[in-house]
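Dear colleague,

I am handing over a structure for you to study. Please open it first, and then read the notes that follow it.

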Amino acid sequence: MDRIEIPEDQVTSLDAIAAGVKGLRIVFVNVFGVEHPDGGWTLVDAGIPASAGRIRSWAEKTFGRPARAIVLTHGHFDHASEAAELADGWDCPIFAHELEFPYLTGQKAYDAPNWQAGGGLMSLLSPTYPKDPINLGSRLKALPTEGAALAALPGWTPLHTPGHTPGHVSFFREQDKTLLVGDAFCTTKPESFFEAAIAQQPELHGPPAYFTSDWAAAKASVQRLAGLEPLTVAPGHGKPLTGEGVSNRLYELADAFDEIAVPDNVR
Ligand SMILES: [Zn+2]
Ligand SMILES: [Zn+2]
């Protein structure tokens, strides 16, 4: 079957994020490839609809072999749409937090987006995003419980960081304090991804407001991530940030979370 493909000029590779961590931005969302010490690799998040071809050709060029697993930070359509298609091609499992399973097994749709949150094109378009739940079938496996190691991501610890969704997870590598945060927070103004794509300086913002379901939990998750004092953070939306100043900026976001992140109509 012919599938629509994302145009090539909407795809940008994000190299040298941290040792063995590479990324690909597709239109407005990032996916990451994490190399294992033995040469294998795992895909973190699985893109918007029609992006499988772009992810596959990037993966082939970058890693030269199929991914060993796909790990999802959460089940929103911009992070999970191509998981089944890619996992079928690579014959690999897909891991997600158990609390995301209803949204990844076709049982339940996420709450309707709060499209009045923030301004910008993303919020205005959000009623048009796919609403039907994704069904990943029998490839879907539960992430290990809090803090336990995950064989599919050696050296990384999955951390439950709910708020944006109930089963949202982030991944932390203690060795060099690298943090993959999914949508726990963004480094671009999340309601205006397209407008922000031209901005040069990454800046910290809360999670995408139109989709976030529990703001108190989202704040606690950002506080928890700040407490890890990461040196590099790589979000689902926006550019990766690195350096000594990162954890201070994250503390500032956590401290001023209600003003910076929580939209007026839910405050
Ligand atoms: Zn999301
Ligand atoms: Zn997202």
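**The nonpolar core**

Among the 64 residues of the largest nonpolar core, Ile70, Leu72, Ala83, Ile94 and Val222 touch the most other members. Such a core is a set of buried Ala, Val, Leu, Ile, Met, Phe, Trp, Tyr and Cys residues joined through C-beta atoms within 7 Å. A residue is called buried if 20 or more other C-beta atoms lie within 10 Å of its own, exposed if 12 or fewer, and partly exposed in between, with C-beta atoms placed from the backbone. Helix H7 (residues 215-227) gives the most to this core, with five residues. In soluble globular proteins, nonpolar side chains tend to be buried together.

Please note that this is a predicted model, in which local features need pLDDT of at least 70 and side-chain atom pairs count only at pLDDT 80 or more, while totals for chains, interfaces and linings use all residues. Residues are numbered from 1 along each chain as its sequence is written, and chains are lettered from A and ligands numbered from 1 in the order in which they are written.

**The protein overall**

The protein has nine helices and 12 strands; these are DSSP runs numbered from the N terminus, helices being H or I with at least four residues and strands E with at least two. Of its 267 residues, 47% count as buried. Two residues are in contact if their C-beta atoms, placed from the backbone, lie within 7 Å. Of the contacts with a separation of 6 or more, 65% are between residues 24 or more positions apart.

**The sheet**

Seven strands form an open sheet in the order S1-S2-S3-S4-S5-S6-S7, with mixed pairing; two strands pair if DSSP finds at least two bridges between them. Strand S1 (11-18) and strand S7 (140-142) stand at the edges with a single partner strand each, so one side of each has no neighbour in the sheet. From one strand to the next, the twist averages 25 degrees. S1 and strand S2 (residues 21-26) run antiparallel and are joined by five bridges, and Val11 stands opposite Ile26 in S2.

Ala16 is found in strand S1. Its phi is near 50 degrees, a positive value in a residue other than glycine. Ala16 counts as exposed because it has 10 C-beta neighbours inside 10 Å.

**Helices H1 and H3**

Helix H3 (residues 83-90) lies across strand S4 (41-44), strand S5 (69-71) and strand S6 (94-96), running at about 160 degrees to S5. Axes are lines fitted to C-alpha atoms, for helices over the stretch in contact, and angles run from 0 to 180 degrees between N-to-C directions. The axes of helix H1 (residues 52-63) and H3 come within 10 Å and cross at roughly 40 degrees. Ala52, Ile55 and Arg56 in H1 meet Glu85, Leu86 and Gly89 in H3.

In the loop between H3 and S6 is Asp91, which has a positive phi of about 50 degrees although it is not a glycine.

**A buried glycine**

Leaving aside neighbours within four places in sequence, its contacts include Ala80, Ala96 and Tyr103.
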